[in-house]
Amino acid sequence: MIDKCPKCNVKVDKNLTNCPLCGAYIEREEEDIDSPIPKINYAYPVVDKSVVWREIALRVVFYICVISIGICFLVNFLATERIFWAYHIVFGWVVFWFTLGRSLFFHLDIRKQICWYSIFACIICYYIQCMIYQTVHITEAQNWALVWAIPAFLLGGIAFLFVLMLIGYKDWVRFSMPLTSMCLVTAVPAIASAALYRHVHFMIYICVGVGVISLLLMMIIGKDKYFLELKKKFFM
């Protein structure tokens with residue numbers, strides 16, 4: 001489109017047909033009215049098929065969970081022998097959703113998965129122990145879950161997080177909060193053992209010691225970065 005006068009080279013408004021200075025006629029190119037108008041796509045955005053199948057699988061598994069729990073409680077209630085076994089199914093589904101289910105359907109970061117797997121592995125061990133002895137009041141000699149299994153799982157989780165920190169040392173702060181959580185959880189078996197038996201096994205002492213040393217290393221080596229991440233975690 002011509003926007004200048006061909007004679008005096010003055011800029012001319014597009015709505016004018018003559019130059020305001022010399023009065024010369026301004027030739028303008030006609031717009032092509034036959035040019036196709038771009039069509040507007042009013043359809044819904046295309047969703048990835050993997051996302052759709054994951055949502056369907058999530059709903060199917062959730063319905064199976066609810067229905068199976070309901071059936072088990074109904075059968076347990078109608079059974080002649082009043083042995084309450086349906087809570088085993090509930091416990092199994094709870095463990096599934098907080099471990100495998102969270103990873104499969106919600107794509108959690110591996111940092112959080114390690115914490116959840118370690119903690120629920122400890123819970124499963126204690127649960128199995130209670131089912132074996134049919135009581136929660138167990139002597140220290142029989143309490144292999146509290147004395148050996150739980151410290152071992154917590155130490156394994158801490159070691160795995162430390163390995164990931166060393167591999168991604170440039171971004172080690174990302175692993176500092178899950179590692180802090182694991183270190184704090186190491187105090188739980190020590191408190192439980194002291195409350196139940198008035199005595200703490202050396203394996204539990206090792207677990208707590210590793211947790212304390214790990215926290216001190218992050219505080220000393222990480223310094224400002226670690227404490228800044230800690231403030232972000234607690235919105236301080």
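Visitor: What covers the buried residues of α3?
Guide: The cover includes α2 (86-106), α4 (144-167) and α5 (176-185). Cover here rests on contact, meaning heavy atoms within 4.5 Å. Keep in mind that this is a predicted model.

Visitor: Which residues of α3 are buried?
Guide: Arg 111, Gln 113, Ile 114, Cys 115, Ser 118, Phe 120, Ala 121, Cys 122, Cys 125, Tyr 127, Gln 129 and Cys 130. The word buried requires a relative accessible area under 20%.

Visitor: How do you know that the end-to-end distance of α3 agrees with its number of residues?
Guide: Helix α3 covers residues 110-133, which is 24 residues. The expected span is 1.5 Å times one less than the number of residues.

Visitor: What happens to phi just after α3?
Guide: Gln 134 takes a positive phi of about 60° there.

Visitor: Why is Arg 198 called exposed?
Guide: Exposed means over 50% relative accessible area. Arg 198 has 74%, so the label applies.

Visitor: What makes Lys 223 count as exposed?
Guide: Its relative accessible area is 53%. The cut-off is over 50%, so Lys 223 qualifies. This residue lies in the loop between α7 and α8 (224-233). Its phi is positive too, near 50°, and Lys 223 is not glycine.

Visitor: How far is Glu 55 from Phe 105 in sequence and in space?
Guide: They are 50 residues apart in sequence, with C-alpha atoms 7.8 Å apart.

Visitor: How many helices and strands does the protein have?
Guide: 8 helices and 0 strands. Along the sequence the pattern reads α-α-α-α-α-α-α-α.

Visitor: What share of the protein's residues counts as buried?
Guide: 31% of its 236 residues. The protein exposes about 16800 Å², with carbon and sulfur atoms supplying 69% of that area. Among contacts between residues at least 6 apart in sequence, 54% join residues at least 24 apart.

Conventions:
Residues are numbered from 1 along each chain as its sequence is written. This is a predicted model: local features need pLDDT of at least 70, side-chain atom pairs count only at pLDDT 80 or more; totals for chains, interfaces and linings use all residues. Side-chain values use heavy atoms; hydrogens and water are left out. Buried means under 20% relative accessible area, exposed over 50%, partly exposed in between (1.4 Å probe, protein chains only). Helices (H or I, at least four residues) and strands (E, at least two) are DSSP runs, numbered from the N terminus. Accessible areas come from the Shrake-Rupley method with a 1.4 Å probe; for residues, only the protein chains shown count as cover.
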